[in-house]
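Student: Hey, can you walk me through this one? I'm new to it.
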Amino acid sequence: MKNTHPPGSAPAFAGRITEWLTFDNMHHQWLLLAACFWVIFMFMVASKFITLTFKDPDAYSAKQEFLFLTAMPDAGRLPGEKHVPEELKPTGKMLSDSRLVQPLVYMERLELIRNVCRDEALKSLSHTAVSKFVLDRIFVCDKHKILFCQTPKVGNTQWKKVLMVLNGAFPSIEEIPENVVHDHEKNGLPRLSSFSDAEIQKRLKTYFKFFIVRDPFERLISAFKDKFVHNPRFEPWYRHEIAPGIIRKYRRNRTETRGIQFEDFVRYLGDPNHRWLDLQFGDHIIHWVTYVELCAPCEITYSVIGHHETLEDDAPYILKEAGIDHLVSYPTIPPGITMYNKTKVELYFLGISKRDIRRLYARFEGDFKLFGYQKPEFLLN
């Protein structure tokens, strides 16, 4: 039957509307279907990416500034988890999640010490007996099972304050009088030497143990300035007893009337026969003897070795590893104060003979190698 309605009539217009709505509805359905396929595709890609990420943690860790290694008991090790050799497992306390996380840099420091200690050629420079002199340097915090070996001129005053607060001698670091810190009858810091042999061994085996080092030559400069130039704690014996003894033995120009000079100090420390003077000076020598003589790092297995040059990072790490970061904070470090100052070192050694500097290095070579400090070629050659 023929359509008798004119093109512009209402029935014809309604037909076109119906066709258009049908087409538009199908268009929306196709768009909705395409969107669904797109969402499903993106979800599959994301799932694949997430799976790859979790399967290859090393690909992420390798990009980090520090690589974190986790030591866990073998029985509780997850499938596919890497095994850490026994000698490389960290010795600090367990964290709250029963895992121990230790940045690679601190493990490398301990590994370096182990390697140097095994070097027969350096044995005379890296080994020492765990004598009363060494045990006198180690302070004890029984409450938190911590041992701290004192290495003077490396920020030890602040660490003593930390331990004094932990031992309950003072409620906070800010309330500790400066004159009490180094008064061992008032600071509440027992020395390891005050315990019986059995108690000493027990603490050495089970406690968290640490000490701090800095560039050996820069430490000697600090000791010289502190004891013979400024002497802020008013310790007159350094100028009136020790300095004259060094001058009498080591000053080359006998007509020189000035007080002790750094050159005299270097000549004394580099003398292979320095020990007869050391005996006269007694425990005052702790400010310039080697780290080996102070802390016996080849005989005592320390948990962490901090470096003065990186103390801003090392101090919080030590507190965390010792399990006390929630109890006390290391005092604020002024910006730049712990950085190595090559210009200062060059200035102090200016005019001192290469022979005397080489003899000084020969004595402190063990400290340089044990703790990864570069040989000061700019002074030696």
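Predicted model: local features only at pLDDT ≥ 70, side-chain atom pairs only at ≥ 80, totals over all residues.

Student: What does Asp-226 form a salt bridge with?
Tutor: With Lys-153, and the closest N and O atoms are 2.8 Å apart. Asp-226 sits in helix H9 and Lys-153 in the loop between strand S4 and helix H6, so the pair ties together parts that are 73 residues apart in sequence.

Student: And Lys-153, buried or exposed?
Tutor: Buried, because its relative accessibility is 16%.

Student: OK, new topic. At what angle do H11 and H16 pack?
Tutor: About 50°, with their axes 8 Å apart. That makes H11 oblique to H16. The crossing of the two, H11 and H16, is left-handed.

Student: Which residues meet there, between H11 and H16?
Tutor: From H11 you have Val-266, Arg-267, Leu-269 and Gly-270, and they meet Asp-356, Arg-359, Leu-360 and Arg-363 of H16. Sorted by type, the residues of this H11 and H16 contact are three nonpolar, one polar and four charged.

Student: Which salt bridge does Arg-363 form?
Tutor: One with Glu-293, where the closest N and O atoms are 3.4 Å apart. Glu-293 belongs to helix H13 and Arg-363 to helix H16, so this pair ties together parts that are 70 residues apart in sequence. Arg-363 is buried at 13% relative accessible area, and Glu-293 counts as buried at 15% relative accessibility.

Student: Last one: how many salt bridges does the count come to?
Tutor: The count comes to 21 salt bridges. Arg-252, Glu-263, Arg-267, Arg-355 and Asp-356 are linked in a network of them.

Definitions and conventions: Residues numbered from 1 in each chain as written. Heavy atoms only, no water. Axes fitted to C-alpha atoms, helices over the stretch in contact; angles between N-to-C directions. Helix = DSSP H or I, 4+ residues; strand = E, 2+ residues; numbered from the N terminus. Parallel < 35°, antiparallel > 145°, perpendicular 65-115°, else oblique. Left-handed = near helix turned anticlockwise from the far one by under 90°. Contact = heavy atoms within 4.5 Å. Nonpolar A, V, L, I, M, F, W, Y, C, P; charged D, E, K, R; others polar. Salt bridge = Lys/Arg side-chain N within 4 Å of Asp/Glu carboxyl O. Buried < 20%, exposed > 50% of the residue type's maximum accessible area, 1.4 Å probe, protein only.
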